Amino acid sequence: MITVESLSKSYGGFTAVDDVSFVARPGRVTGFLGPNGAGKSTTMRVMVGLTGADSGEVRVLGRRFADLPDPGREVGVLLDASAQHAGRTGREILTIAALTMGLPRTRVDEMLERVSLTPDEASRRVRNYSLGMRQRLGIGTALLGDPEVLILDEPANGLDPAGIRWMRDLLRDFADQGGTVLLSSHLLHEIEVIADDLVVIGNGRIVAQGTKDELLAGAGTLVRAADGTALAAALGAAGIAARPTSAGAVLAEADLTRVGQAAFAAGIAVTELRAADGAGLEEMFLALTAESQRDTVTTTTTQGAAA
Amino acid sequence: MNTTTLTEHAVEAVVPAETPRRRPAPSRTPFRRVQYVELRKMFDTRSGFWLMASIVITSVIATVVTVLAGDRDTLTFDSFAAAVGSPMSIILPIIGVLAVTSEWSQRTSLTTFTLVPGRSRVLTAKLANTLLIGFLGMVIALGVGALGNLVCSMITGVDAQWDISAATFAQIVLANELGMLLGFALGLLFRSSPAAIVGYFVVNLVLPGLSGALASAQQWWADNAGWFDLNQSRFLLFDSTLTGQEWAQLGVTTALWIVLPLLVGTRLVLRSEVK
């Protein structure tokens, strides 16, 4: 279990993490979502004590990370798979970690097998590893001490589709056995498939959090027309909160029937009309983090999400 | 749309569930484990291994060259000690620098400090290992020099001259350990291998020249440089018996050039953000 309370961190005048509070629970996979530079990695570094917080507190398994007596055996951490000595072999990197945690050498072989690195690959130096192999090694290092909690920053980066599937199953099993998983990503599909709970961060602030089902249920109806802005205006005139998102799509907070009737009454030909479930996370993500996006995604946001 | 969920979670965040862990906490990582791992990390890469091996290799080369090229009839243990000492005075401080900076240049500090969040424990282990390697390195280097001295006496048929006392030996080791500590301190200060190594050579090769120039121009500096110039008092350790004042000067310059950077560098590492 991870408890983050009113965490803030700024660099000079720039607030990277602004009063962030959330809980990652045992038995669940918590997805930590946000655009690049939103504060995900900073928050995670603060969690494991690599960066000091200006205020607020993080507790992992009830303690500050720095107070964990042998952190590797309680919390598996993968912040950057490339942050390894390029001249060490994969096996040596796991061996060093195992020695630090006082684990038997046999654990290294078990783990190499678990993350599907062959003995030949394990004896290669990490400078010759692909990003996907580094991720596997990093996940291996995180799992080595049989921890209760996993903190993973973008672990799916560089994995091929089979690798992503493998990692998803691995994290699911870990959570099903009562473990806590906090996983950051900007890959929405990945998060949508695996996460039970979501924490969405934008510009250092939490813009939404809750179970995936709750958050996506709030997504309402997705309706599309040639001119999304006009459609949104028409729906607004009919008393339905609506905001255009992308490519003529409009996210409306009303059921299918009301939205369809309103569009019909306004004489707008609808090209798509459905419950905003599958695409919901992306729409929600773009809308919630609109202010902090680098690229404006043809969104004339009316901040329907801020409420 | 998320007003309700936000407040719910905010409340829960303030009052966390009563049982945050399922298992009892493990015992604290013992220091000897940290120290062993740090020692292993100094040898387990090609560059690290060859840096360590170069202690032996350069000692052998220096000794062989001394036997072959020196005036064999006049060679004593002191000549061999001087011959193996000069590569050591370069290699050992570099070992001191890299013991610290490799964590940053290779970004392994992310893993190191998440597995052992007590950064001062890691630094203490590194410092202890550095001093240990310095001592063993000097014993090995002087041992190779002693072999050279024996071989030389066998060639010439003259009895080998053992003209280094235990006290002088200890002084030579001390001088080299101080060099390593300076390297270690610069490593902590810069956390960058090139910057710290360049810094070491500036302190050791450039500053003596500047100090000499200043001394020839200014009488006060010529009289008192010993209190400020680390090299002046440290170099005395290699071949003379120090007077009380010279020991005092060594203490003062060590405090200024080694202890102070060590403290400032340690503070920087303990507080800095690890990325």
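This is a predicted model: local features need pLDDT of at least 70, side-chain atom pairs count only at pLDDT 80 or more; totals for chains, interfaces and linings use all residues.
Residues are numbered from 1 along each chain as its sequence is written, and chains are lettered from A and ligands numbered from 1 in the order in which they are written.

**Stop 1: chain B**

Select chain B and show its C-alpha trace, which spans about 95 × 50 × 30 Å along the principal axes. The chain holds eleven helices and zero strands; helices are DSSP runs of H or I with at least four residues, strands runs of E with at least two, numbered from the N terminus. Buried residues make up 36% of the 275 in chain B. A residue is buried if 20 or more other C-beta atoms lie within 10 Å of its own, exposed if 12 or fewer, and partly exposed in between, with C-beta atoms placed from the backbone. Of the contacts in chain B between residues at least 6 apart in sequence, 77% join residues at least 24 apart; a contact needs C-beta atoms, placed from the backbone, within 7 Å.

**Stop 2: α3(B) and α4(B)**

Next select residues 46–69 and 77–105 of chain B, helices α3 and α4, which pack at about 160° with axes 9 Å apart. Axes are lines fitted to C-alpha atoms, for helices over the stretch in contact, and angles run from 0 to 180 degrees between N-to-C directions. The angle makes α3(B) roughly antiparallel to α4(B), a label for angles over 145 degrees, as roughly parallel is for those under 35. Residues in this contact include Leu51(B) and Ile55(B) of α3(B), and Phe80(B) and Ile91(B) of α4(B). By class, the contact has eleven nonpolar, six polar and no charged residues. Ala, Val, Leu, Ile, Met, Phe, Trp, Tyr, Cys and Pro count as nonpolar, Asp, Glu, Lys and Arg as charged, and the others, Gly among them, as polar.

**Stop 3: the contact between the chains**

Show both chains. The contact takes 47 residues from chain A and 42 residues from chain B. On the chain A side, the largest share, five residues, comes from α2(A). That side has 21 nonpolar, 16 polar and ten charged residues.

**Stop 4: α2(A)**

Select α2(A), residues 90–100. Ten of its eleven residues are buried, so α2(A) is largely enclosed by the rest of the structure. Among the buried residues are Arg91(A), Glu92(A) and Ile96(A). Their cover includes α3, α4 and α5 of chain A, together with α2 and α5 of chain B.

Gly90(A), Ile93(A), Leu94(A) and Ala97(A) of α2(A) meet Leu137(A), Gly140(A) and Thr141(A) of α5(A).

**Stop 5: Gly102(A)**

Finally, select Gly102(A), in the loop between α2 and α3 of chain A. Its phi is positive, near 70°. Gly102(A) counts as partly exposed because it has 15 C-beta neighbours inside 10 Å. Its C-alpha atom is 9.5 Å from that of Arg73(A), 29 residues apart along the chain.

Notes: Two residues are in contact if their C-beta atoms, placed from the backbone, lie within 7 Å. Angles under 35 degrees count as roughly parallel, over 145 as roughly antiparallel, 65 to 115 as roughly perpendicular and the rest as oblique.
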